[in-house]
Amino acid sequence: MLWLTPAVHSIIDASTYAHFLFNAFDTDHNGSVSFEDFVMGLSILLRGTVQEKLNWAFNLYDINKDGYITKEEMLDIMKAIYDMMGKCTYPVLKEETPRQHVEVFFQKMDKNKDGVVTIDEFIDCCQNDENIMRSMHLFENVL
């Protein structure tokens, strides 16, 4: 059995989320992120319109790029985030916390209750959420 120190374990846990981010930046899905891909992604995140930022976020969550966010995809993202950050929180997060957040996400976003979130549902819900809209403007004056 392989035993890892907490620092090494955190690096491994961050790799799953890094993989999801890589795929979001790899817009042509060729398995590599060119400098242009990277700059375009950063440009959207830092200077894009709300619509562009929401499209980018949807693309991040739509892991298999089929145009829908499923509970499984959202759970994979949530687990990756919690694996990366959850061990640093106080109180320590419970194992079922990512699944609970996915359920809350779907109750809010899946307007027609068909088990998937479409881009239209995602954008509509985000645009009507004051906290999400505030977060869309966080980095506007960074550079």
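Buried residues make up 31% of the chain's 143 residues. Buried here is under 20% relative accessible area, with a 1.4 Å probe and protein chains only. The chain exposes about 9,400 Å², and carbon and sulfur atoms supply 61% of that. Those areas come from the Shrake-Rupley method with a 1.4 Å probe.

A word on the model. It is predicted, so local features need pLDDT of at least 70 and side-chain atom pairs pLDDT 80 or more, while totals for chains, interfaces and linings use all residues. Residues are numbered from 1 along each chain as its sequence is written, and side-chain values use heavy atoms, leaving out hydrogens and water.

Next, the fold. There are seven helices and two strands. Those are DSSP runs, numbered from the N terminus: helices are H or I with at least four residues, strands E with at least two. From the N terminus, the order is α-α-α-β-α-α-β-α-α.

Who touches whom? Phe105, Lys108 and Met109 of helix 5 meet Glu121, Phe122, Cys125 and Cys126 of helix 6. Contact means heavy atoms within 4.5 Å.

Last, the record. UniProt, in an unreviewed entry, places "domain: EF-hand" at residues 13-48, 49-84 and 97-132. Such annotations may be inferred rather than shown by experiment.

Technical notes. Buried < 20%, exposed > 50% of the residue type's maximum accessible area, 1.4 Å probe, protein only.
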